Amino acid sequence: MESRASVRLRVVLSHLGRPSAGLLVAHPTAETAYPANFHTQQFQYTLDNNVLSLEQRKFYEDNGFLVIKNLVSDADIERFRMEFERICREEVKPPGIMIMRDVSIAKSEFVPDETVVSKVQDFQEDEELFRYCTLPEIVKYVECFTGPNIMAMHTMLINKPPDTGKKTSRHPLHQDLHYFPFRPSDSIVCAWTAMEHTDRNNGCLVVIPGTHKGPLKPHAYPQWEGGVNLMYHGIQDYEEDNKRVHLVMEKGDTVFFHPLLIHGSGENKTQGFRKFQDVWSFRARLVKGERINL
């Protein structure tokens, strides 16, 4: 009997080889009105669509990110939260999933509980968590940046723990394209959804607007005294006086951002865990004779 992994690989390969039928495609109901003298050729990072307003497209073009308020429902977020807790309790063990702990507690005795799990990633084989990647409200916005024929390339649910005093709950400023072997960068976008209220106290996302227009910078582990979590690389030559914007978000708010945008997050100074879910999506190029540039 063919395994789930084999079936999934066969489906992915079929997507790469030909235009695939049955992919989830959003069908917006309202047209975006542009001034008669406006030329859409000036857009580099967004595609013509019936979802984003002209102001939203211009904002993303200039800044490299866009926040959509109250996009994911409370009901869906609660289902994702419950599935995450089931994974932490080892009630389900999806194939290929990576479960990570904060460096400050990595060597302590493992107890199957959400209080010791800081991140799960590559959850594509978990039917419930992967449902986030197929939500019509997420897909219709992703298509504004990538176009159709979308692939979910990397998935994560981060459970930022209360900081132990060593500031290890921080995530250094970085560009996600550093981790990706595929191109072009303008066909990639991240959807990042807050699963609860996030602000500077619990380590919200921080971005440096406009940095998506620059190059990919050198990355390495920062020299932090308290230690650094696995694969938490940071850029080495950013300018300290760059204007940072802290994204205060409510439950269900979703930010879409470019893979070259410099971003990170601060320490969680509260006693609670800050959760968010994200997926990096990439448009599979399906033009005859063309292939993904790795």
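Helix 5 (residues 136–146) is mostly covered, with nine of its eleven residues buried. Buried means under 20% relative accessible area, exposed means over 50%, and partly exposed lies in between (1.4 Å probe, protein chains only). Helices (H or I, at least four residues) and strands (E, at least two) are DSSP runs, numbered from the N terminus. The model is predicted: local features need pLDDT of at least 70, side-chain atom pairs count only at pLDDT 80 or more, and totals for chains, interfaces and linings use all residues. Residues are numbered from 1 along each chain as its sequence is written, and side-chain values use heavy atoms, with hydrogens and water left out.

- The buried residues of helix 5 are Glu 137, Ile 138, Val 139, Tyr 141, Val 142, Glu 143, Cys 144, Phe 145 and Thr 146.
- Pro 148 is placed in the loop between helix 5 and strand 4 (150–160).
- With a relative accessible area of 36%, Pro 148 is partly exposed.
- The C-alpha atoms of Pro 148 and Phe 282 are separated by 9.5 Å, while the two residues are 134 apart along the chain.

**Aromatic rings**

- Rings of Phe, Tyr and Trp (its six-membered ring) pair if their centres lie within 6.5 Å; planes under 30 degrees apart count as stacked, over 60 as edge-to-face and the rest as tilted.
- The count by this rule is six aromatic pairs.
- Phe 80 and Tyr 132 form an edge-to-face pair, because their ring centres are 6.0 Å apart and their planes stand at 85°.
- Phe 80 lies in helix 3 (residues 74–88) and Tyr 132 in helix 4 (residues 127–134), so this pair ties together parts that are 52 residues apart in sequence.
- Phe 80 is buried at 1% relative accessibility, and Tyr 132 is buried with a relative accessible area of 1%.
- One aromatic cluster is formed by Tyr 60, Tyr 141, Phe 145 and Phe 256.
- The charged end of Arg 57 sits over the ring of Phe 43, 3.7 Å from the ring centre; the rule asks for NZ of Lys or CZ of Arg within 6 Å of the ring centre and within 35 degrees of the ring normal.

**Salt bridges**

- A salt bridge is a side-chain nitrogen of Lys or Arg within 4 Å of a carboxyl oxygen of Asp or Glu.
- Ten salt bridges are found in the whole structure.
- Asp 76 and Arg 131 meet through their side chains in a salt bridge (2.9 Å, N to O).
- This pair links distant parts of the chain, with Asp 76 in helix 3 and Arg 131 in helix 4, 55 residues apart.
- Both Asp 76 and Arg 131 are buried.
- A network of salt bridges links Asp 76, Arg 79, Glu 128 and Arg 131.
- Glu 91 forms a salt bridge with Arg 86 (3.8 Å, N to O) and another with Arg 89, where the closest N and O atoms are 2.6 Å apart.
- Glu 91 is partly exposed at a relative accessible area of 47%, Arg 86 is partly exposed at 32%, and Arg 89 is partly exposed at 38%.

- An open sheet of four strands runs in the order 5-12-7-10 with antiparallel pairing; two strands pair if DSSP finds at least two bridges between them.
- Strand 5 (171–174) and strand 10 (245–246) stand at the edges with a single partner strand each, so one side of each is left without a neighbour in the sheet.
- Strand 7 (residues 205–208) pairs with strand 10 in the antiparallel sense over two bridges.
- Val 207 has Val 245, in strand 10, as its bridge partner.
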